[in-house]
Amino acid sequence: MCAGWRSGPRAAGSPVAEASIAMFVDYGSPLARRVAGDIWSGLARAALEAGYARTLAFWESLVEPERPPIPGGPAVQIFVLGQDRPEAVEEVGEAAEPGSSGVYGVVVAVPHRPSPLAGSLLYQGVERLKGRGVRAGAIEPALLHALPSECEAYARKLLGHVRR
């Protein structure tokens, strides 16, 4: 099954490009919640600017995902955890849909002064996805601050991978 950007029928009969994005967020982390919101805002803006008229968002808890079926599979799966709750990295691989042909984002939300261990946490998240069968080239890792401009740049980078 090919996940990603697709065209769907509009009321007038002409196709509309749409994207499906799954966001798995550690809601127990204030850092992760803020960064996830900024990433979503960036994705929505970037998709509109790229000419996509409809974006489907699936937001789930990273720690307790309900995992409803995503029609057509998600084009982008983003896993956001906070440096303030490192134990959430254990859940990154559990929520992944490795059969998807899209791109996977692993984000560790960091405060103004990140811990030296934040990079290790990011590495663990990537390794958990790879352990679930996700190709390393399909994973875009990032340490992000709760800054809209930084999160939007990351969102644009993710969409750039999908549109290749």
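In which loop is A53 found?

Reply: A53 is found in the loop between α1 and β3, the latter covering residues 54–61. This is a predicted model, in which local features need pLDDT of at least 70 and side-chain atom pairs count only at pLDDT 80 or more, while totals for chains, interfaces and linings use all residues. Residues are numbered from 1 along each chain as its sequence is written, and side-chain values use heavy atoms, without hydrogens or water.

With a relative accessible area of 53%, A53 is exposed (over 50%; buried is under 20%, partly exposed lies in between, with a 1.4 Å probe and protein chains only). The C-alpha atom of A53 is separated by 5.9 Å from that of A17, although the two residues are 36 apart along the chain.

The crossing of α1 and α4 is right-handed. By class, the contact of α1 with α4 has ten nonpolar, one polar and five charged residues. Contributors from α1 include V35, I39, L43 and R45, and α4 supplies, among them, C151, Y154, R156 and L159; contact means heavy atoms within 4.5 Å.

Elsewhere in the chain, strand β4 (residues 76–82) is mostly covered, with seven of its seven residues buried. V76, I78, V80 and G82 point one way from β4, whereas Q77, F79 and L81 point the other way, and burial holds for both sets. Strand β5 (residues 103–109) runs parallel to β4, and seven bridges join the two; in β5, V108 is the bridge partner of L81.

These parts belong to a protein with four helices and six strands, arranged along the sequence as β-β-α-β-β-α-β-α-β-α. (Both are DSSP runs: H or I of at least four residues for helices, E of at least two for strands.) Of the 164 residues in the protein, 48% are buried, whereas A53 is exposed. Among contacts between residues at least 6 apart in sequence, 74% join residues at least 24 apart.

Conventions:
Left-handed = near helix turned anticlockwise from the far one by under 90°. Nonpolar A, V, L, I, M, F, W, Y, C, P; charged D, E, K, R; others polar. Pairing = 2+ DSSP bridges.
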